[in-house]
Amino acid sequence: MNLRSLALAPAFAVVFALASALPAAAEKIPLNELSRYLNSFRTAVADFTQVNPNGSVTTGKVFIHRPNRVRFEYNGDDTLVLASAGQVAVYDGKSNSGRPQQYPLSRTPLSIILADNINLGRANMVTGHSEQKNTTVVTAQDPANPQYGNIQLVFTANPTQLRQWVVTDDAGKKTTVILGEMQTGVSIPSSRFIIQ
């Protein structure tokens, strides 16, 4: 398993069924509404299913605490991915070193949705915005560093909700994260995001 891709949680080439189908004539959700929605919560918790670049599937729970903090806990595995203090740390339970692999959060497309103020209307950030199968799909990148890859976000409407993301890393590998029901505004202790 490519740990870097795993950490990016990179995060949609997977077909998924949504609990509530929208009318066939659904229109894409405007970027300003998507930015408003993403900025409307600071914390969120959800179960997730992750499809890795090699086709393997893992499950777990994700904890988001904006700005710039996320924790991916994997079921039945000692792997842990943390982002905090501008760094991403990947703890691999199969490694004997006990030390995490680390790299800057700013070099991952996931940093876009962990920002303090998410503005999808920023020049050159969004490279794709469409309606597909009753969902709105947005592809975004760091305008200053498009070489770091991109993140594809999938939203449903009424109410607006983030359902999945696909991260394409700088090597072109895709990791899909499909979210379960997301609980927002939850209390998450800061200690859960400390990188040892």
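This is a predicted model: local features need pLDDT of at least 70, side-chain atom pairs count only at pLDDT 80 or more; totals for chains, interfaces and linings use all residues.

Trainee: Where does Tyr 37 sit, and is Tyr 37 buried or exposed?

Mentor: Tyr 37 belongs to helix H2, which covers residues 31-39. Residues under 20% relative accessible area are called buried. Tyr 37 has 9%, so it is buried.

Trainee: How far apart are Tyr 37 and Thr 160 in sequence and in space?

Mentor: They are 123 residues apart in sequence, and their C-alpha atoms lie 6.9 Å apart.

Trainee: What does Gln 161 touch?

Mentor: Not counting residues up to four places away, Gln 161 touches Tyr 37, Val 154, Phe 155, Thr 156 and Glu 181. Gln 161 is part of strand E10, residues 161-168. Its side chain also makes a polar contact with the side chain of Arg 163, at 2.7 Å.

Trainee: Now the charged pairs. How many salt bridges does the structure hold?

Mentor: There are five. One of them joins the side chains of Glu 33 and Arg 36, at 2.9 Å from N to O.

Trainee: Why are Glu 33 and Arg 36 separated by about one helical turn?

Mentor: Because they are three residues apart in helix H2. Glu 33 is partly exposed at 23% relative accessibility, and Arg 36 is partly exposed at 46%.

Trainee: Which parts of the chain does the pair of Arg 42 and Asp 116 link?

Mentor: Their salt bridge has its closest N and O atoms 2.4 Å apart. The pair links distant parts of the chain, 74 residues apart: Arg 42 is in the loop between H2 and strand E1, and Asp 116 is in the loop between helix H3 and strand E7.

Trainee: What about Arg 71 and Glu 73: is each buried or partly exposed?

Mentor: Arg 71 counts as buried at 15% relative accessibility, whereas Glu 73 is partly exposed at 22%. Their side chains meet in a salt bridge of 2.6 Å, N to O. Shared partners join Arg 71, Glu 73 and Arg 192 into one salt-bridge network.

How values were computed. Residues are numbered from 1 along each chain as its sequence is written. Side-chain values use heavy atoms; hydrogens and water are left out. Helices (H or I, at least four residues) and strands (E, at least two) are DSSP runs, numbered from the N terminus. A polar contact is a pair of N or O atoms within 3.5 Å; within protein, one must be able to donate a hydrogen and the other to accept it, and residues adjacent in sequence count only if both atoms are side-chain atoms. Contact means heavy atoms within 4.5 Å. Buried means under 20% relative accessible area, exposed over 50%, partly exposed in between (1.4 Å probe, protein chains only). A salt bridge is a side-chain nitrogen of Lys or Arg within 4 Å of a carboxyl oxygen of Asp or Glu.
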